[in-house]
Amino acid sequence: MADLSARRGAYFGGAAGVVGNVFEPGHRGLVGIRLRRDELARFAPHTQRRLAVLAQTIDRHTIVLPTNVGSGYVVNNRRWLHGRTAFAGPRTMCRALVDPRPEWRIPAGFTPGAVS
């Protein structure tokens with residue numbers, strides 16, 4: 001995990017992107033995660049050499065949530081990786097960004113080694 005936590009190991013986005021790392025230490029021992037697997041992600045050599053193993057791990061633990069018209073899901077961006085597969089035809093997508101209130105006690109990250 002050290003190479004994926006190294007400073008300046010990744011660049012995510014276009015011109016106004018974010019320089020960071022895949023795993024980011026957070027408050028109270030939690031670890032946040034940020035990852036893109038598309039053309040808007042670039043990685044430093046020390047990060048690149050770990051991406052194949054990370055991809056295998058992600059694929060092994062992937063859960064597919066089929067959605068029907070009008071359905072959706074809520075995800076904590078710092079705690080879960082999420083994505084989508086290809087789609088065809090028109091669609092409407094709504095996205096809501098929420099800053100949780102402190103009393104909600106929603107951790108911004110996960111505990112390494114914990115199984116849920």
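**Group meeting: core and surface of a predicted model**

Ala41 belongs to the largest nonpolar core, which has 12 residues. As general background, nonpolar side chains in soluble globular proteins tend to be buried together.

Within the core I would draw your attention to the aromatic rings. How many aromatic pairs does a search of the whole structure find? The search finds one. The partners are Phe12 and Phe43, in an edge-to-face arrangement, with 5.9 Å from centre to centre and 80° between the planes. Because Phe12 lies in strand E1 and Phe43 in strand E5, the pair ties together parts that are 31 residues apart in sequence. Phe12 has a relative accessibility of 6% and therefore counts as buried. Phe43, with a relative accessible area of 16%, is buried too, since the cut-off is under 20%.

I now turn to the surface. Ile63, Leu65 and Tyr73 form a nonpolar patch there, and together they have about 370 Å² of accessible area. Leu65 is found in the segment after H3. Is Leu65 buried or exposed? Its relative accessibility is 55%, so Leu65 counts as exposed, given that exposed means over 50%.

Finally, the chain as a whole. Its secondary structure consists of three helices and five strands, and the pattern along the sequence reads α-β-β-β-β-β-α-α. The C-alpha atoms fill a box of roughly 40 × 40 × 30 Å along the principal axes. The protein chain has 116 residues, of which 20% count as buried. Its accessible surface comes to about 9700 Å², and carbon and sulfur atoms account for 56% of that. Among contacts between residues at least 6 apart in sequence, 55% join residues at least 24 apart. The pair of Phe12 and Phe43, with its 31 residues of separation between the parts it ties together, is an example of such a link across the sequence.

Thank you for your attention.

Terms used: Residues are numbered from 1 along each chain as its sequence is written. This is a predicted model: local features need pLDDT of at least 70, side-chain atom pairs count only at pLDDT 80 or more; totals for chains, interfaces and linings use all residues. Side-chain values use heavy atoms; hydrogens and water are left out. A nonpolar core is a set of buried Ala, Val, Leu, Ile, Met, Phe, Trp, Tyr and Cys residues joined through side-chain atoms within 4.5 Å. Buried means under 20% relative accessible area, exposed over 50%, partly exposed in between (1.4 Å probe, protein chains only). Patches are made of residues with over 30% relative accessible area and no salt bridge: like charges are joined within 9 Å, nonpolar side chains (Val, Leu, Ile, Met, Phe, Trp, Tyr) within 5 Å. Accessible areas come from the Shrake-Rupley method with a 1.4 Å probe; for residues, only the protein chains shown count as cover. A salt bridge is a side-chain nitrogen of Lys or Arg within 4 Å of a carboxyl oxygen of Asp or Glu. Helices (H or I, at least four residues) and strands (E, at least two) are DSSP runs, numbered from the N terminus. Rings of Phe, Tyr and Trp (its six-membered ring) pair if their centres lie within 6.5 Å; planes under 30 degrees apart count as stacked, over 60 as edge-to-face and the rest as tilted. Contact means heavy atoms within 4.5 Å.
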